[in-house]
Amino acid sequence: MTKQAAASNIIKTSASLFNKQGYKATSISAITKALGLTKGAIYRHFKNKSALEAEALKYMCISIEVGLGSKIMAKKHVEEKMEAIFKFFEEYASNLYYESGCPLLNAAVEVDDTNPELKKVVHKIILNIHGGIVRVLENGKKHGQLKQDVDSDAFASMVFTSVEGAIMVTKVTDDPKHMRVVI
């Protein structure tokens, strides 16, 4: 197995464990046991557990960002793009990419000042998604599809925080009505 393939395998397995058990609760020993590797094999690829956590979260969230981005890019008008955003999150809430819930939401709930590296990753992913929504709105204004006085940043914040909250409530209650209300 190549060095890159080994690192990828460690990331995939760790990501699943982190998302299911939590970042703090998942030990390097649990990861080594799941992989059949030694701690040295893990640390050959990652300087510490925090670095592995960051890479695992990025790995899990890239599929969300790519999926959302492709839905947005397939549409032309700002209204269609916003509908695609809402539809993506509505479908995502019902069919999460990962069995144990939304990796961004799980990490965001868990991170605090004791895990600054992971908090930076969560922050960056939030900014990426929020920024994508802002770009949709700004392009809509640029092309005369949206009023110029729309506060793109504030609206994007409202959209993103509403759908993320609805994902959490939908997951906890097993009831999609919460996402439907937000949509």
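Guide: One definition to begin: an axis is a line fitted to C-alpha atoms, for helices over the stretch in contact, and angles between N-to-C directions run from 0 to 180 degrees. Now the ground rules. This is a predicted model, in which local features need pLDDT of at least 70 and side-chain atom pairs count only at pLDDT 80 or more, while totals for chains, interfaces and linings use all residues. Residues are numbered from 1 along each chain as its sequence is written, and side-chain values use heavy atoms, with hydrogens and water left out.

Visitor: How many helices and strands are there?

Guide: The protein has nine helices and zero strands. Both are DSSP runs numbered from the N terminus: helices are H or I with at least four residues, strands are E with at least two. In sequence order the pattern is α-α-α-α-α-α-α-α-α.

Visitor: What box do the C-alpha atoms fill?

Guide: Roughly 60 × 35 × 30 Å, along the principal axes.

Visitor: And what percentage of the residues is buried?

Guide: 40% of the 183 residues count as buried. Buried means under 20% relative accessible area, exposed means over 50%, and partly exposed is in between (1.4 Å probe, protein chains only).

Visitor: What about the largest nonpolar core?

Guide: That core has 51 residues. A nonpolar core is a set of buried Ala, Val, Leu, Ile, Met, Phe, Trp, Tyr and Cys residues joined through side-chain atoms within 4.5 Å. Leu52, Leu57, Met82, Ile85, Phe89, Ile133 and Ile167 have the most contacts inside it. Helices that each supply at least two core residues include α4 (49–73), α5 (78–94), α7 (116–142) and α8 (152–173).

Visitor: Why would such side chains gather?

Guide: In soluble globular proteins, nonpolar side chains tend to be buried together.

Visitor: Pick isoleucine 133. Which residues is it in contact with?

Guide: Met82, Ile85, Ala156, Val159 and Phe160, leaving aside neighbours within four places in sequence. Contact means heavy atoms within 4.5 Å.

Visitor: Back to helices. How do α6 and α7 cross?

Guide: Their axes come within 10 Å and cross at roughly 135°. That makes α6 oblique to α7. For the cut-offs, under 35 degrees is roughly parallel, over 145 roughly antiparallel, 65 to 115 roughly perpendicular, and the rest oblique.

Visitor: Is the crossing left-handed or right-handed?

Guide: α6 passes α7 in a left-handed crossing. Left-handed means the near helix is turned anticlockwise from the far one by less than a right angle, and right-handed means clockwise.

Visitor: Which residues of α6 and α7 meet?

Guide: Leu104, Ala107 and Ala108 in α6 meet Val122, Ile125, Ile126 and Ile129 in α7. By class, this contact of α6 with α7 has seven nonpolar, no polar and no charged residues. Ala, Val, Leu, Ile, Met, Phe, Trp, Tyr, Cys and Pro count as nonpolar, Asp, Glu, Lys and Arg as charged, and the others, Gly among them, as polar.

Visitor: What about α4 and α6?

Guide: The α4 and α6 axes come within 9 Å and cross at roughly 135°. So α4 is oblique to α6. Leu57, Met60, Cys61 and Ile64 of α4 meet Pro103, Leu104 and Ala107 of α6.

Visitor: And α1 with α2?

Guide: Those axes come within 10 Å and cross at roughly 120°. α1 and α2 are therefore oblique to each other. α1 passes α2 in a right-handed crossing. Among the contact residues are Asn9, Thr13 and Ser14 of α1 and Ala30 and Ile31 of α2. The contact of α1 with α2 has seven nonpolar, three polar and no charged residues.

Visitor: New topic. Where is cysteine 102?

Guide: Cysteine 102 sits in the loop between α5 and α6. At 4% relative accessibility, cysteine 102 counts as buried. Residues up to four places away aside, cysteine 102 touches Asn19, Tyr92, Leu96, Glu164 and Ile167.

Visitor: How far apart are cysteine 102 and cysteine 61?

Guide: They are 8.7 Å apart, C-alpha to C-alpha, and 41 residues apart in sequence.

Visitor: Aspartate 174: buried or exposed?

Guide: Aspartate 174 counts as exposed, at 69% relative accessibility. Aspartate 174 lies in the loop between α8 and α9 (177–182). Its phi is positive, about 55°, although aspartate 174 is not a glycine.

Visitor: Last one: where is threonine 170?

Guide: Threonine 170 is in helix α8. Threonine 170 is buried, with a relative accessible area of 6%.
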